[in-house]
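I opened the model to look up its contacts, its aromatic pairs and its surface. My entries follow.

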Amino acid sequence: MTRTINRNDAFTGLEAAIVLIAFVVVAAVFSYVVLGAGFFTTQKSQEVVHTGVATASTNIAILGEVYGDATGAGQTGSVHIHTVIFSVGLAAGGTPVDMNRTRLSFQNSSTYVTLEYPATLMPLPAVGCAAAGAAGSPGQNQWAICNSQNADLDTVLEAGERFTIWARLTPTTIGALPARDAFSIDIKPDLGASLGLFRTTPASLDPNNLLY
């Protein structure tokens, strides 16, 4: 029977160093991959959090009172409100909002309609809109920026600026806004959550009405 004798006499210090260096290199590469994956995951988590906060919070706030106009064109039969007027500004900590890319929709107990921004009223008028039905005024089922304060002549709502919005309705399709009628206007910017404006018309309508 032949006996095999294992000897390690030839395993020198140089070979041991090479093996050790190989283990160190492999461990270093593995650590780099693990750390890189961890940093990437952390960065993605931060992006998700920031995006969630930006999406869940609104950048727009209603400034001052909301009014309903029952004068001018568009009245048929009993008196009704055909234009809702309100002012908007940036919410605290909000980022600028391009109102040209903002969508408005109106809803009451009988109807839901999307209001359009007419291209003929661009760029932003310096002061006021014309009377209902006149040239330079938003038409039925349209809205417009009819006044601005501390603002440039563009549609980007920035910090310290104030835009006055006229939302003109179509009484025949919406069923008008008579007395004691609850309604809402949803303001949806391009980025951020929608802002809901909820009001009720007063018991007795005048040419100009404060909506609560």
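**Contacts and fold**

I started with contacts (heavy atoms within 4.5 Å). Among those between residues at least 6 apart in sequence, 63% join residues at least 24 apart. The model is predicted, so I kept to its limits: local features need pLDDT of at least 70, side-chain atom pairs count only at pLDDT 80 or more, and totals for chains, interfaces and linings use all residues. Residues are numbered from 1 along each chain as its sequence is written, and side-chain values use heavy atoms, with hydrogens and water left out.

I counted 2 helices and 11 strands (DSSP runs, numbered from the N terminus: H or I of at least four residues, E of at least two). Of the 212 residues, 35% count as buried (under 20% relative accessible area, with exposed over 50% and partly exposed in between; 1.4 Å probe, protein chains only).

**Aromatic pairs**

I searched the whole structure and found 2 aromatic pairs (ring centres of Phe, Tyr or the six-membered ring of Trp within 6.5 Å; planes under 30 degrees apart are stacked, over 60 edge-to-face, the rest tilted). Phe106 and Phe183 are stacked, because their centres lie 5.7 Å apart with planes at 25°. Phe106 sits in strand β4 and Phe183 in strand β9, so this pair ties together parts 77 residues apart in sequence. Phe106 is buried at 0% relative accessibility, and Phe183 is buried at 4%.

Tyr117 and Trp143 pair edge-to-face, with 4.6 Å between centres and 85° between planes. Tyr117 lies in the loop between β5 and β6, and Trp143 in strand β6. Trp143 is buried at 1%.
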